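Colleague: I have some time to go through this one with you. Can you put it up, and then we take the ligand sites in turn?

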Amino acid sequence: MSTEETPTRSWLFLFRNWLSLSGLTVAVSGLFSFLLLSVIDSLAPFANPYMGLLTYMVAPGIFIAGLLLAVVGAWLEHRRIFKGKASGLPATALVIDLTRPHDRRLLGYFLAGSAVFLLVTAIGSYHSYHYTESVQFCGQACHVVMGPELVTYQNSPHARVACTACHIGPGATWFVKAKISGLYQVYATAFNKYPRPIPTPIKALRPAQETCEQCHWPKKFIGSLERTYQRFMSDEKNTPFSVRLLLKVGGGDATHGPVGGIHWHMNVGNRIEYVFTDKMRQVIPWVRMIDSQGVITEFRTPEFKDTPEKVGIRVMDCMDCHNRPAHNFSAPDVAVDLAMALGKIDRNLPFIKKNAVAILTKPYDNERDAMQKIATTLAQKYPDNPLVRPAIDEVQRIYRQNFFPEMKANWKIYPDNIGHRNWAGCFRCHDGQHKTADGKKTIKANDCNACHTLLAQGSGAQLEQLNPRGQTFQHPGGDYGDLKCNDCHTGGSQ
Ligand code: HEC
Ligand code: HEC
Ligand code: HEC
Ligand code: HEC
Ligand code: HEC
Ligand code: HEC
């Protein structure tokens, strides 16, 4: 029998050596783990970018390495046969003869080895999948980079929701997008190329319909929520001043309650579109409303002369108000007020509100620097006062949970759009400047009881005098004229 007769067979013959066979086993297991990972991934409710590394790089990498090994084996075999021919010896490819005990043993080892290898690959793939899926991986694998988002997330109402549930969501398209950006993120972290702070808003964040609304049903009627905002003034006595509001959250779907209130904006019956002209979506000069009957109303501020389509139109969704559902960087005044209301910072320390806010507003090199300076400054301000010790601990805790000097992340960088005190928030549109072309209609603005009913305000007995129709706000800071709240209230020292 001459090998030249059947070229295909002779070519395949070359792979009949142990090296090539091992290579092929490796290749098969690479392919196998690729398929397995893809299946697990497509079945999982929420995907994860780092899985891309495993599924699309590591597994195919193993597959290709295996193939290369097989080819190298074949090439060596080819050389051996060629040499064999040249020296006149018979060129024999690998022959496995099961009647030979040696061959049987060798084949047994080979098959057992391959089986173990495949099993380990399967278990390994499955475990790596779970690991990359975990919050621990998302937040801690890139400890410094994701630190601010992880810490704030752990203190948020969504601390039990996986990062991927909001950042990727279900389905294939976003999954692949996330893979690609995930690879870039791994590269950026490894080579220290990531921006500090991580910019907000996320440009390509998936629309809320496909993330938030997988858990929160947009048709739900919420009705009114009662909230008390306990505040303290910056005077010597740290005079308390609270506001009790009934927030008219309402709902947006007529089958489950009256349509109206704050959640009227939700895209159930209405669609609201807008244009923003700054990076952080804080300046909104143009708004278009399309109601359930299809009636279109356009509002714009007098300064805005551009064509909205050219600037880029965004459809309003949950995240335009709830942009900090998981990463709320508390402003110093908000955090100190809460700590004082809870008694963690004692109100009997004169000027403590003012001092604590001032110290949190200062810039620091790193967390250690901040901890030291907070302790020494406060200790100096209140010498021999035993109340200062717990106050220092609390101010340090506030700092650690809301300030991240290594990433330059804090409340100033990350606006919170839900209200209108420290950020323009609702007043980005509800500021009295947004009018229709005929000037007849303005987006509701000056009516302080449009979005909430001010039930009570002040402190002590005053706070018990409820008025269900709503009181007029008695601003402790005096008359504020036409200014927006956030022109003066910045969250830090004023
Ligand atoms: C409840 C949903 C939700 C969860 C859970 C969540 N995020 Fe976010 N994340 C958001 C939203 C909303 C934004 C802000 C988007 C915007 O304004 O464009 C954001 C922003 C970010 C940003 C950009 C910087 C910033 O603060 O705006 C990073 C980084 C981030 N998240 C990482 C994470 C990590 C890591 C986890 C898990 C530890 C996580 N997120 C969990 C909803 C979520
Ligand atoms: C995987 C499910 C899930 C996803 C996705 C999700 N949430 Fe939630 N959300 C929850 C749960 C559960 C709670 C209730 C937490 C509690 O009360 O213990 C909650 C609470 C809330 C609250 C009330 C917070 C408070 O202060 O009590 C808001 C607002 C909210 N989510 C908005 C959002 C927004 C906006 C998104 C999208 C960026 C989102 N959620 C995505 C599960 C989810
Ligand atoms: C126009 C701004 C706006 C939009 C858009 C919006 N919300 Fe809200 N939502 C609010 C305000 C204001 C509250 C009152 C509570 C607060 O201040 O946190 C609230 C409250 C909530 C609550 C808390 C209810 C509770 O019982 O504590 C949930 C959950 C919620 N919203 C989910 C959503 C979801 C999901 C979407 C998108 C489908 C959405 N919201 C869109 C402004 C908005
Ligand atoms: C992108 C612009 C925009 C933002 C931001 C915005 N709104 Fe609106 N809002 C509108 C428009 C447009 C209307 C409809 C015109 C009107 O009724 O004045 C409206 C109407 C309302 C209404 C009246 C609904 C009804 O019953 O007719 C309430 C209440 C309201 N908004 C609350 C809020 C709150 C609270 C926030 C902040 C958390 C907010 N809005 C943020 C554009 C906006
Ligand atoms: C477009 C809707 C809207 C209008 C109009 C509005 N508010 Fe508010 N206001 C809100 C929302 C939403 C919150 C709750 C923010 C939060 O949950 O943190 C709030 C919170 C407040 C608070 C508590 C602030 C704090 O954190 O200490 C005060 C005080 C207040 N509003 C006063 C006013 C006054 C005075 C006016 C009239 C000039 C007014 N509001 C008009 C939506 C509105
Ligand atoms: C002209 C600047 C200015 C404007 C505009 C302004 N404030 Fe104030 N506000 C002050 C000053 C000053 C104080 C007193 C500060 C202190 O003693 O801590 C104050 C105090 C307050 C307090 C009492 C608790 C605290 O934090 O000191 C609340 C609540 C408050 N303002 C809410 C608002 C709201 C809501 C708006 C918008 C409707 C607003 N302010 C607009 C300057 C302003």
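Modeller: Here it is. This is a predicted model. I would begin with H263, which counts as buried because its relative accessibility is 14%.

Colleague: Where do H263 and H322 sit in the chain?

Modeller: H263 is in the loop between β2 (240–250) and β3, and H322 is in the loop between β6 (314–315) and α11 (332–341). They are 59 residues apart, so the pair links distant parts of the chain.

Colleague: Is H322 buried or partly exposed?

Modeller: Partly exposed, because its relative accessibility is 39%. H263, at 14%, falls under the 20% limit for buried.

Colleague: Which geometry do the donor atoms around the iron atom of ligand 3 have?

Modeller: Octahedral, because the six donor atoms subtend angles of 86 to 177 degrees. For reference, ideal angles for six octahedral donors are 90 or 180 degrees.

Colleague: Next, ligand 6. Which residues coordinate its iron atom?

Modeller: H475 and H489, each through NE2, at 1.8 to 1.9 Å. The six donor atoms there subtend angles of 88 to 180 degrees, so this arrangement is octahedral as well.

Colleague: How many residues apart in sequence are H475 and H489?

Modeller: They are 14 residues apart. H475 lies in the loop between β7 (452–458) and α15 (485–488), while H489 is in the segment after α15, so the pair ties those parts together.

Colleague: Switching to ligand 2. What surrounds it?

Modeller: The shell is P157, H158, V161, C166, T211, C212, C215, H216, C318, M319 and H322. H322 is also a coordinating residue at the iron atom of ligand 3.

Colleague: Which side chains place a polar atom 2.7 Å from a nitrogen atom of ligand 2?

Modeller: H158 has a polar side-chain atom at 2.7 Å from a nitrogen atom of the ligand. H216 also has one, again at 2.7 Å from a nitrogen atom.

Colleague: How does the shell around ligand 2 divide by class?

Modeller: It has seven nonpolar and four polar residues, with no charged ones. Domain 1 (1–205) and domain 2 (223–325 + 416–488) each give at least three residues to that shell.

Colleague: What about ligand 1, which residues come nearest?

Modeller: C163, C166, H167, T200 and H327, out of 22 residues around the ligand.

Colleague: Which polar contacts does ligand 1 have?

Modeller: Among them, an N or O atom in the side chain of H167 is 2.7 Å from a nitrogen atom of the ligand. A polar backbone atom of I202 is 2.8 Å from an oxygen atom, and a polar side-chain atom of R324 lies 2.8 Å from an oxygen atom. The elements that supply two or more residues to this shell are α6 (143–154) and α7 (163–167). The largest share, four residues, is from α6.

Colleague: And the residue classes and domains for ligand 1?

Modeller: The shell divides into 15 nonpolar, five polar and two charged residues. It draws at least three residues from each of domain 1 (1–205) and domain 2 (223–325 + 416–488).

Colleague: That leaves ligand 4. Which residues are closest to it?

Modeller: H265, C426, C429, H430 and K444 are the closest of 22. A polar side-chain atom of H430 lies 2.7 Å from a nitrogen atom of ligand 4. On the oxygen side, a polar backbone atom of K444 is 2.8 Å from an oxygen atom of the ligand, and a polar backbone atom of G261 is 3.4 Å from an oxygen atom.

Colleague: Which strands supply at least two residues of the shell around ligand 4?

Modeller: β3 (271–275) and β4 (286–290) each do. By class, that shell has 15 nonpolar, five polar and two charged residues.

Definitions and conventions:
Residues numbered from 1 in each chain as written. Chains lettered and ligands numbered in written order. Predicted model: local features only at pLDDT ≥ 70, side-chain atom pairs only at ≥ 80, totals over all residues. Heavy atoms only, no water. Donors = N, O, S within 2.8 Å, 3.2 Å for Na, K, Ca; no water. Tetrahedral: all angles 85-135°; square planar, octahedral: opposite > 155°, others 65-115°. Near = heavy atom within 4 Å. Polar contact = N/O pair within 3.5 Å; in protein donor to acceptor, adjacent residues only side chain to side chain. Nonpolar A, V, L, I, M, F, W, Y, C, P; charged D, E, K, R; others polar. Domains from an automatic or database assignment. Buried < 20%, exposed > 50% of the residue type's maximum accessible area, 1.4 Å probe, protein only.
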